[in-house]
Amino acid sequence: MHPRLDPRTLARLREPRPYPALSLLMPTHRREPHHAQDHVRLRNLVAEAKNRLRADPAATRARSADIADQLDQAVAATDLALAEDGLAVFAAPGEHQVWYLNRAVPERVVLSDTFLTRNLVAADLADRPYWVLAVSADRISLWDGRAERVSEVRTGPFPLVRSLADPDAERQERVGDLPSTFRDEATRAFLRRADEAMAAVLADRPRPLYAAGEAAALTTLAEVGGASDGGAGEMFRVPHGGLAQGPPELVWQAVLPFHSARQEAENGAVLRDLDRARGRREFAAGADEVWRNATEGRVDLLAVEENYRVTVRDDGHHLMPARHDDLDSREDLVDEIVERCLTTGATVRFLPDGTLADLGRIAGVLRY
């Protein structure tokens with residue numbers, strides 16, 4: 001997903017805009033032969049969007065022309081070689097954005113007074129983001145972790161860098177020949193700075209945190225810091241040195257076993273919570289039942305399979321199965337549910353496909 005969906009970015013996307021703000025969404029493909037079709041599909045959707053703008057009586061000619069120009073700029077900046085499973089293009093007077101998503105989205109063009117964000121929110125959450133703090137005596141780097149990759153964060157104070165008196169200290173540290181380094185007060189102060197910076201990141205964007213480094217570095221970091229305090233969550237240790245400089249693939253490979261184990265433990269806890277809620281009758285299962293409870297703000301914990309999608313129409317009483325090309329169909333109901341639950345303060349967890357097969361692939365623990 002590009003750029004990153006942090007709380008400030010999401011808030012800006014949700015700000016009301018002079019009508020119309022245009023949202024263009026389409027599924028994309030990572031591989032041939034379908035990947036080649038994405039260019040044609042995007043061209044057709046752009047044409048549809050411009051026709052919608054011209055035909056909309058609420059959109060002035062000048063504003064429609066401005067948005068069409070912004071749309072052209074966005075498409076020119078779109079690199080479908082980077083495509084994953086979905087594409088979102090936003091255009092409004094004087095602005096445009098392009099997002100590559102790791103989650104499929106329905107093909108649609110929407111004109112409204114704000115951008116359509118629910119697919120971005122669901123894709124970001126399904127990516128199971130986490131932080132990696134890679135620690136060494138002279139460099140501490142922060143990495144934005146996702147399901148299949150990590151990328152270094154170069155904003156704010158990170159990376160933190162200092163000079164060592166011994167130019168060979170980094171090599172000695174990696175091979176274990178410098179046992180006193182992390183007992184040095186200057187090094188402890190360096191780690192304390194990193195911990196304070198990390199605490200600020202977690203306060204703004206809470207995620208699981210993995211600290212990677214030599215055992216001595218991790219022990220000292222735990223002694224001087226408290227980034228995992230205050231509800232930000234437990235700091236998980238990854239005893240692997242030499243990662244502060246990357247490369248990204250090495251950082252991802254080192255953290256992956258620990259992240260996978262934590263995910264499995266969390267998945268098991270979610271299933272136990274669902275089972276207990278069913279016994280208390282504080283439980284909902286299936287798209288129709290979960291949707292009704294989500295709209296009432298009753299869902300406290302939402303569990304949904306990673307690739308579950310459902311197309312429905314609302315008959316006024318229940319959600320009914322529908323074809324994706326039905327005029328009144330809703331193709332992204334699951335993403336709607338996810339965003340609605342997050343808005344009302346629920347915890348949302350994506351589980352492997354098949355985990356909730358006997359519950360309609362989506363279920364929730366209710367508040368009352």
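The axes of helix 6 (residues 185-204) and helix 7 (residues 215-224) come within 9 Å and cross at roughly 65°, where axes are lines fitted to C-alpha atoms over the stretch in contact and angles run from 0 to 180 degrees between N-to-C directions. The two helices are therefore roughly perpendicular to each other, a label for angles of 65 to 115 degrees. Helices here are DSSP runs (H or I, at least four residues) and strands are likewise (E, at least two), numbered from the N terminus.

In this contact (heavy atoms within 4.5 Å), R188, L191, R192 and D195 of helix 6 meet A217, T220, L221, E223 and V224 of helix 7. These residues divide into four nonpolar, one polar and four charged.

This is a predicted model, in which local features need pLDDT of at least 70 and side-chain atom pairs count only at pLDDT 80 or more, while totals for chains, interfaces and linings use all residues. Residues are numbered from 1 along each chain as its sequence is written, and side-chain values use heavy atoms, with hydrogens and water left out.

| Residue | Relative accessible area | Class |
|---|---|---|
| P93 | 30% | partly exposed |
| T117 | 4% | buried |

P93 is found between strand 2 (86-92) and strand 3 (95-101), and, residues up to four places away in sequence not counted, P93 touches P20, R63, D66 and I67. T117 lies in the loop between strand 4 (108-112) and helix 4 (118-126), and its contacts beyond four places in sequence are L10, L13, R14 and E339.

Terms used: Parallel < 35°, antiparallel > 145°, perpendicular 65-115°, else oblique. Nonpolar A, V, L, I, M, F, W, Y, C, P; charged D, E, K, R; others polar. Buried < 20%, exposed > 50% of the residue type's maximum accessible area, 1.4 Å probe, protein only.
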